[in-house]
2 protein chains.
Amino acid sequence: MALIVQKYGGTSVGSVERIEAVADRIAKNHATGDQLIVVVSAMSGETNRLLGLASDLTPDPSPRELDVLVSTGEQVSMALLSMALHERGIPALSLKGSQVAIRTDSFHNKARIQSIDDRRLRSELAAGKVVVVAGFQGVDENGETTTLGRGGSDTSAVALAAAIKADECQIYTDVDGVYTTDPRVVDGARRLESITFEEMLEMASMGSKVLQLRSVEFAGKYSVPLRVLSSFKEGPGTLISMDEDNVMEAPTIAGIAFNRDEAKLTVIGVPDTPGVAYQILGPIGEANIEVDVILQNVGDEGKTDFTFTVARNDLEKAERILDSYVDDLGAMEWRSDSKIAKVSVVGVGMRSHAGVAANMFKALAEVGVNIQMISTSEIKISVIIEEKFLELAVRTLHSAFGLDQEETGEDNS
Amino acid sequence: MALIVQKYGGTSVGSVERIEAVADRIAKNHATGDQLIVVVSAMSGETNRLLGLASDLTPDPSPRELDVLVSTGEQVSMALLSMALHERGIPALSLKGSQVAIRTDSFHNKARIQSIDDRRLRSELAAGKVVVVAGFQGVDENGETTTLGRGGSDTSAVALAAAIKADECQIYTDVDGVYTTDPRVVDGARRLESITFEEMLEMASMGSKVLQLRSVEFAGKYSVPLRVLSSFKEGPGTLISMDEDNVMEAPTIAGIAFNRDEAKLTVIGVPDTPGVAYQILGPIGEANIEVDVILQNVGDEGKTDFTFTVARNDLEKAERILDSYVDDLGAMEWRSDSKIAKVSVVGVGMRSHAGVAANMFKALAEVGVNIQMISTSEIKISVIIEEKFLELAVRTLHSAFGLDQEETGEDNS
């Protein structure tokens with residue numbers, strides 16, 4: 001008998017029909033004798049409907065009242081799902097964050113969980129109940145309703161799983177697992193049986209579509225085995241595991257991640273003196289703009305070119321800042337380029353496999369993709385390339401590192 | 001500085017625009033220095049939307065989960081109204097039933113209030129806040145959400161007013177007060193400045209459209225001055241007062257009530273022996289059918305006719321029951337008639353005024369309305385007549401007892 005926490009997102013409970021499908025699935029799990037805690041989000045569209053009402057009334061709603069308002073969405077879902085379970089003869093009970101209790105700090109709209117009382121949960125489970133818990137919400141020490149911020153239901157599920165020492169935390173979404181890369185870009189993209197937390201975090205560009213990163217960090221920190229599954233399709237999904245040895249497949253590379261959300265800024269002909277990097281990036285950081293990849297060319301005649309990337313929607317702001325002090329730097333000029341993309345090869349296996357970088361650069365060179373910048377971490381190598389080459393680069397690397405479905409022979413139909 | 005409890009129903013908070021209108025009204029009241037507790041219902045249509053989702057899932061939803069579900073409606077309203085008040089610079093704070101706390105018994109969907117803790121309310125009022133409270137909901141001793149049954153927000157408001165010893169409980173609705181009779185039937189129907197609780201209860205046929213009767217009884221029991229006002233139109237409304245001497249107008253008659261919801265059953269030629277009334281009405285009562293007016297004709301040759309009225313939607317059930325034992329009674333036959341109506345003259349003044357009944361019967365006779373049955377209480381005389389004469393009878397009595405607007409000279413424009 002396993003103790004499982006399941007989480008169903010807004011799309012999975014988005015209509016009466018979908019709630020019934022979720023109830024059918026839970027009924028099947030319940031029949032196996034597993035103990036189940038089910039965390040639900042608001043029905044898709046509901047949170048936006050409520051936020052729309054608020055913004056019709058005021059441009060600047062009180063964070064406290066906003067939490068009172070939006071927390072109703074999950075309460076509706078949990079009551080409806082409990083009714084659907086009753087209708088199937090499953091004893092079920094819904095609990096609000098305050099009834100569990102999921103205790104948070106008092107930062108409304110972005111509260112953090114401080115502790116979870118597992119007594120009520122354990123006694124209801126012991127009584128044979130499926131416990132349906134409102135995701136996304138908690139209660140502070142004064143009894144005020146708080147919310148964890150959007151997408152926070154994943155975090156609720158992981159925190160509950162950690163508190164009650166669940167055997168597994170299952171996140172049901174509209175995709176059936178984590179893939180070696182985006183299937184819309186590479187036909188042969190393959191669902192991973194398992195992936196490590198570190199890889200999952202580095203695969204952020206795909207991972208963020210599947211799971212909230214904060215919940216992955218949380219699961220890693222508390223060693224909660226996390227599984228991503230589809231609520232619409234049967235299948236084992238992808239297990240996100242703490243233990244690298246437990247990862248059943250152990251290829252060098254887990255997947256190819258990418259994103260188009262970066263832009264590049266280059267300061268040309270800046271004096272190659274100590275402290276120049278700080279002089280350039282200091283004001284950018286002070287403006288709360290995050291810098292990703294940084295490159296400083298080898299200087300020539302005491303001058304150097306300094307290049308860095310920022311999120312594309314921070315580009316204009318970064319340009320204004322750079323423009324204001326580029327003269328003081330003694331630089332010749334600066335340029336920006338938003339037509340870039342980042343492609344990353346991710347895998348804990350590369351720690352023990354030399355030559356991953358060389359293979360990556362070779363594969364890209366063979367198809368004529370020029371590399372503008374390179375950045376490496378222990379389990380990831382990223383390159384910045386022209387945006388128009390993105391799909392070509394991803395397909396090339398997916399194939400070069402043996403990730404294509406055909407090559408592994410796995411049946412993923 | 002007065003302490004006022006205001007209650008706004010679902011129509012009054014049915015849209016963003018109406019919530020803004022309510023906020024404007026509260027802002028005006030707040031500016032006078034009054035302390036305000038505002039009780040809100042769910043936005044009109046919301047409770048039915050939620051119940052619809054539940055009934056799509058199950059014909060027999062769990063009462064507990066139904067309370068979790070529908071209680072969200074009031075939480076949405078209270079958060080939105082608080083935001084609208086903030087936008088107007090009014091310090092406001094929403095409180096759920098559990099946060100107040102409004103403690104009830106554990107009968108989900110029809111809970112009764114047991115106690116109200118006034119400490120949080122008093123401290124927020126003392127801090128200058130307008131306190132917005134979710135109507136219709138409470139919390140039982142186990143922390144479970146309960147609801148008071150539909151329309152229960154009126155009761156919430158009266159109970160809060162009683163608990164905090166408010167100077168007045170104001171119920172805002174879509175009518176601007178209690179009228180001498182239904183203005184759709186009598187053009188000259190006049191808004192009453194005040195009415196006693198007893199009269200209000202007897203005026204049920206109109207009163208029930210304005211106020212939930214349970215809240216009126218509750219207000220009477222705890223001596224809470226109740227005022228019915230329109231949320232759409234300025235005006236003093238109607239004060240429902242404990243003290244008959246305080247009722248500014250003291251006419252003999254407060255108003256003419258009526259309803260079409262009754263049907264009549266007659267057992268003909270039943271032996272005129274002691275106990276016949278019980279023999280006839282016993283089985284009816286056991287079937288939980290409420291009997292209103294009862295008439296037993298004077299017997300002739302040891303036989304009598306026995307007539308009684310029931311709610312029209314109980315008629316078929318009553319007919320079936322009557323049919324099953326009418327032979328055992330030794331009666332000749334039974335008949336039923338659903339084309340009847342009841343018209344009542346109501347007023348505490350008739351206690352000290354003889355001749356009200358005589359005047360009533362005379363006025364009806366003069367316009368040719370035949371009286372089928374008569375029933376009296378200390379402050380009410382009711383007659384059963386043919387349904388087709390209803391409007392004529394109401395207009396005749398409204399005029400005969402001097403209730404028409406023209407005759408009093410009051411300007412009600």
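By what turn and what shift along the axis can chain B be laid on chain A? A turn of 180° and a shift of 0.0 Å along the axis bring chain B onto chain A with an RMSD of 0.1 Å, the copies being superposed by least squares on the C-alpha atoms of residues with pLDDT of at least 70 in both. That is the relation of a two-fold axis. In chain B, the C-alpha nearest the axis belongs to B:Thr72, 2.7 Å from it. The same surface serves both copies, as 96% of the contact residues of chain B recur in chain A.

The model is predicted: local features need pLDDT of at least 70 and side-chain atom pairs count only at pLDDT 80 or more, whereas totals for chains, interfaces and linings use all residues. Residues are numbered from 1 along each chain as its sequence is written, and chains are lettered from A and ligands numbered from 1 in the order in which they are written.

The contact between the chains takes 27 residues from chain A and 28 residues from chain B, two residues being in contact if their C-beta atoms, placed from the backbone, lie within 7 Å. On the side of chain B that touches chain A, helix 1 (16-31), helix 2 (46-57) and helix 3 (63-87) of chain B each supply at least two residues. Helices (H or I, at least four residues) and strands (E, at least two) are DSSP runs, numbered from the N terminus. Helix 3 of chain B gives the largest share of this side, 14 residues. By class, this side of chain B has 15 nonpolar, nine polar and four charged residues. Ala, Val, Leu, Ile, Met, Phe, Trp, Tyr, Cys and Pro count as nonpolar, Asp, Glu, Lys and Arg as charged, and the others, Gly among them, as polar.

Within chain A, an automatic or database domain assignment gives domain 1 (3-248) and domain 2 (251-402). The centres of domain 1 and domain 2 of chain A, taken over C-alpha atoms, are separated by 35 Å. In chain A, 18 residues of domain 1 are in contact with 16 residues of domain 2. Strand 10 (194-196), helix 7 (197-202) and helix 8 (204-210) of chain A are the elements that give two or more residues to the side of domain 1 that touches domain 2. That side of domain 1 of chain A divides into nine nonpolar, five polar and four charged residues.
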